[in-house]
Amino acid sequence: MPSAFDEIRIGRHTARNRVVMAPMTRSRAYGPGASPTELMARYYGQRAGAGLIITEGTQPSAVGQGYLNTPGLHTATQVEAWKPVTAAVHERGGLIFAQLMHSGRIGHPSLHGATPVGASPVAAAGTVFTAEGPQDLVTPEPLDEDGIRATIADFTAAARNAIEAGFDGVELHSANGYLLHQFLSTNANLRTDGWGGTVEGRIRLTVEVTKAVAAAIGADRLGVRISPSNPFNDITEDGHRETYLALVDALNPLGLAYLHVAEGPDTEFTPRLRERWSGTLILNPYTPGAWTGPEALKAVENGEADAVSYGALFLANPDLPERLAAGGPFQQPDYAKAYGGDHSGYTDYPALADA
C-alpha cells in the first residue's frame, strides 16, 4: 500500500503527496465586492506543500453567500483578485481547487439584499452571524424550475471563472447543510416534483450541477464533496445510505477527479462508499470533539482512502505535511481568530524552519 507521502493522480494532475488541505471558511475576503486580498494569497501560498489545497467555500452567485466576508467567483473583479492566490500556490509547486459553495437557506438577506433560496420553504433552526450580530435564519424562497436552471448555470459560470483565475480545478460542495445538501436531505427538501420526493429526485440537483460543470471544464478537473449522515445546519437524511449509494452510482461514470467524503456519524458506511466509488477518494475522518490527527494517515496505508484531508491542523501548521512526516510537533489553532480579523491567527503561525 502507498504511504501518505507518495504522489497521487488527482484527475489530470499529479499531487506531490496525499495530505489534502480541507476547505475552511476564514471570512477575510475584504477586497472589493467580496474578493480575495494579498493576505489570502500569503495564507494559501504558505500551505502549498499540501498535495492539494481546497479553498474555503466560494459563492457562485451573490445570493449564494451565507457568511460575512466570504469570497465569490461570479464577477470579473473576483476572478482577477484570485489570480495572485493561485499564482502563490503554483510558485511553490502546489495544486489548488476552488470549492464552489452555494449556502442556500443558510444565510441572511442582510448579506446580499435578497431572500436566501432553498429546496423548500423550510427555515433551518439556528442563527447566522451578520454585520448586526447573530440573527435567526429565515425561511428561504423555494427555487422554481427557472431558478434551478439559473443556479446550475451559476455553478457552471463560476467553474469557468475558476479556471480563468488559474485554479487547477473545482470542488462542488454538496455537504454540511448547504444548498446541494439541502436538496439531498429529507427535512429541507419537501418537494414533490422532479427535484424531490424520491431518492432520484433528491440527488438530481447535485448530479445535474456535476454534469454541467464537468462539461464546461472537464470532469478530470472536478471533485464533489459529500457528508452522509451529517446533521450540521439542521439537516436530516432519512435513509441516507440509499441516497448516497444512488448518488455515487450516478457520479461514478463521469470520470471525476475525486470524491471527497466528509465523514459523518455513520462511519460504518464509509467502507461501502469506498468499495462503490471507482475513482480517487479523499477522506475527512469523523472526529467529534477533536481534530484530525496524524493517526488518520493510516487510512491511506490500509487502503481506506487514497488521501486524507486536514482542517484544523492546517490552520496552525502551514507546513503540515512536513510535520506529519517528522511526527510533529504540532501547533494548536487559536479558534478565537479563525473567522475574520487580520494576519493574527492566519498567516503568523511559524513553519518548523522558523520556529
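This note goes through the predicted model from the whole chain down to single residues.

1. Basis. The model is predicted, so local features need pLDDT of at least 70 and side-chain atom pairs count only at pLDDT 80 or more, while totals for chains, interfaces and linings use all residues. Residues are numbered from 1 along each chain as its sequence is written, and side-chain values use heavy atoms, with hydrogens and water left out.

2. Overall form. The chain has eleven helices and 14 strands; these are DSSP runs numbered from the N terminus, helices being H or I of at least four residues and strands E of at least two. Its radius of gyration is 19 Å, close to the 20 Å that the globule rule gives for 355 residues, so the chain is as compact as a globular protein of that length. That radius is taken over C-alpha atoms, and the rule is 2.2 Å times the number of residues to the power 0.38. Along the principal axes, the C-alpha atoms fill a box of roughly 55 × 45 × 40 Å.

3. Burial and surface. Of the 355 residues, 59% count as buried (under 20% relative accessible area; exposed is over 50%, partly exposed in between; 1.4 Å probe, protein chains only). The chain exposes about 13000 Å², and carbon and sulfur atoms supply 52% of that area (Shrake-Rupley method with a 1.4 Å probe; for residues, only the protein chains shown count as cover).

4. Contact range. Among contacts between residues at least 6 apart in sequence, 70% join residues at least 24 apart; contact means heavy atoms within 4.5 Å.

5. Annotation. UniProt lists residues 5-327 in an unreviewed entry as "domain: NADH:flavin oxidoreductase/NADH oxidase N-terminal". Positions follow the numbering used here, feature names are shortened, and annotations may be inferred rather than shown by experiment. Over residues 5-327 the chain is 34% helix and 18% strand, with the end C-alpha atoms 13 Å apart.

6. Nonpolar cores. The largest core has 78 residues, and those with the most contacts inside it are Y44, L73, V170, V213 and Y310. Helix α6 (residues 199-217) gives the largest share of this core, eight residues. Apart from it lies another core, of twelve residues, among them I8, A15, V20 and A257. A core here is a set of buried Ala, Val, Leu, Ile, Met, Phe, Trp, Tyr and Cys residues joined through side-chain atoms within 4.5 Å.

7. G169. This residue is in strand β10 (residues 169-174) and is buried, with a relative accessible area of 0%. Not counting residues up to four places away in sequence, G169 touches I96, F97, A98, I163 and R221.

8. D266. The loop between β12 (258-262) and α8 (270-276) holds D266, which is buried at 18% relative accessible area. Its side chain makes a polar contact with the side chain of H240 (2.8 Å). Such a contact is a pair of N or O atoms within 3.5 Å; within protein, one must be able to donate a hydrogen and the other to accept it, and residues adjacent in sequence count only if both atoms are side-chain atoms. Leaving aside neighbours within four places in sequence, D266 is in contact with S229, H240 and R241.

9. Backbone points to check. N69 has a positive phi of about 60° although it is not a glycine; N69 lies in the loop between β4 (52-58) and α2 (76-91) and is partly exposed at 31%. N176 also has a positive phi of about 60° without being a glycine, but N176 is buried at 16% relative accessibility. The peptide bond from G328 to P329 is cis, with omega near 0°, and P329 is found in the segment after α11 (320-326).
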